[in-house]
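Please look over the sequence and the model shown here before reading the report on its strand pairing and helix packing.

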Amino acid sequence: MHIIYHCPHPSYAAVVAAAIHLGLLPPDQKPPPRSLLEIVDHFAWNRAERGRIYPAGLDEGGNSIYFLPRGFNLTILQNVVAGFSAILGVDKGELSLVDAELAAGRHWRRGALFVCSLGRIAGSRFFPLLEIERNYFALVRLVEEQRGRGQPLGKGK
Amino acid sequence: MIAAAIHLRKLPWDRLPTLAELVKQERFDRTENREIGTPFFMGRDGEGNEIYALGLGPDKVMIRRTIASLIKILAYPPREILLVDTLVCIHSLTRIGGFLSRRLGLVSCGRPLAALGIRLSYRGLLELVQATMAQCQRQRNDLDLNREI
């Protein structure tokens with residue numbers, strides 16, 4: 001199975017979710033900011049191109065884990081992935097597109113992404129880290145839910 | 001939609017289509033915002049190729065990367081899919097008409113304007129389709145040659 005975690009590029013949620021899924025970050029305690037930054041740098045998230053799907057590794061069940069930095073429009077991405085998966089003959093349930101952004105909550109999301117975008121322009125990593133700090137366990141729940149059951153193609157969480 | 005219709009010979013190759021012919025084409029100026037990014041199956045051509053129409057929205061570079069990545073991670077033969085950008089030969093009247101019709105809901109003036117723009121760029125679209133069909137043929141020949149080797 002292919003599991004793709006995605007979020008807007010200013011946020012770190014997708015790459016952190018992929019790392020939690022792969023056991024690179026603990027599910028039971030918040031890692032220190034230094035560990036989060038090591039993960040972000042390890043997967044070269046800041047240099048990643050929007051729209052490209054990057055392999056993160058294989059989980060213990062043999063599923064391929066990916067992360068995908070995207071823009072703010074989710075609908076087009078979901079339609080493209082669902083449509084092309086069907087054209088390419090992928091069975092339903094074989095590919096899961098997981099929206100890591102939703103773990104943050106709607107109100108927080110809007111403000112945080114704006115601030116993260118500003119931080120990105122200013123070259124600061126403080127705001128994306130703050131977002132992860134606040135929502136770490138929501139990401140853990142998202143990953144555990146994803147591990148527990150396959151999601152319908154293109155619906156995300 | 002129009003390039004797909006030309007490819008499938010639902011629109012003429014030897015003359016310009018009338019505005020009425022363009023407007024009555026399947027899905028012409030009828031895609032909703034929530035449908036952008038969905039590949040619409042339009043039919044099969046004479047060579048058996050499946051023809052789709054796909055709108056990529058404002059960030060087409062990003063979406064093209066996603067499609068290329070999907071093809072790669074699913075280990076699909078990349079030469080089996082040809083993405084052809086038709087916007088390169090679209091007249092600006094079509095963009096204005098599409099904006100009026102889809103964004104502002106002014107269908108009665110936007111749709112004919114979009115069709116007029118298509119008519120003005122029809123020769124370019126036809127040449128694009130012909131070049132695409134020639135490329136399909138070349139790729140098919142290459143694949144056949146590789147199989148023989």
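This is a predicted model: local features need pLDDT of at least 70, side-chain atom pairs count only at pLDDT 80 or more; totals for chains, interfaces and linings use all residues.

Residues are numbered from 1 along each chain as its sequence is written, and chains are lettered from A and ligands numbered from 1 in the order in which they are written.

In chain A, four strands make up an open sheet of mixed pairing, ordered S2-S3-S1-S4. Strands S2 (54–58) and S4 (95–99) of chain A lie at the edges with a single partner strand each, so one side of each has no neighbour in the sheet. From one strand to the next the twist averages 25 degrees. Strands are DSSP runs (E, at least two residues), as helices are (H or I, at least four), numbered from the N terminus, and two strands pair if DSSP finds at least two bridges between them. Strand S1 (residues 2–8) of chain A runs parallel to S4(A), to which five bridges join S1(A), and His6(A) is placed opposite Asp99(A) of S4(A).

| Helix | Residues | Residues in the contact |
|---|---|---|
| H3(A) | 74–87 | Ile76(A), Leu77(A), Val80(A), Val81(A), Phe84(A) |
| H3(B) | 60–73 | Ile63(B), Thr66(B), Ile67(B), Leu70(B) |

Contact here requires C-beta atoms, placed from the backbone, within 7 Å. H3(A) and H3(B) pack at an angle of about 30 degrees, with axes 10 Å apart, which makes H3(A) roughly parallel to H3(B) (angles under 35 degrees count as such). The residues of this contact of H3(A) with H3(B) comprise eight nonpolar, one polar and no charged.

How values were computed: Axes are lines fitted to C-alpha atoms, for helices over the stretch in contact, and angles run from 0 to 180 degrees between N-to-C directions. Angles under 35 degrees count as roughly parallel, over 145 as roughly antiparallel, 65 to 115 as roughly perpendicular and the rest as oblique. Two residues are in contact if their C-beta atoms, placed from the backbone, lie within 7 Å. Ala, Val, Leu, Ile, Met, Phe, Trp, Tyr, Cys and Pro count as nonpolar, Asp, Glu, Lys and Arg as charged, and the others, Gly among them, as polar.
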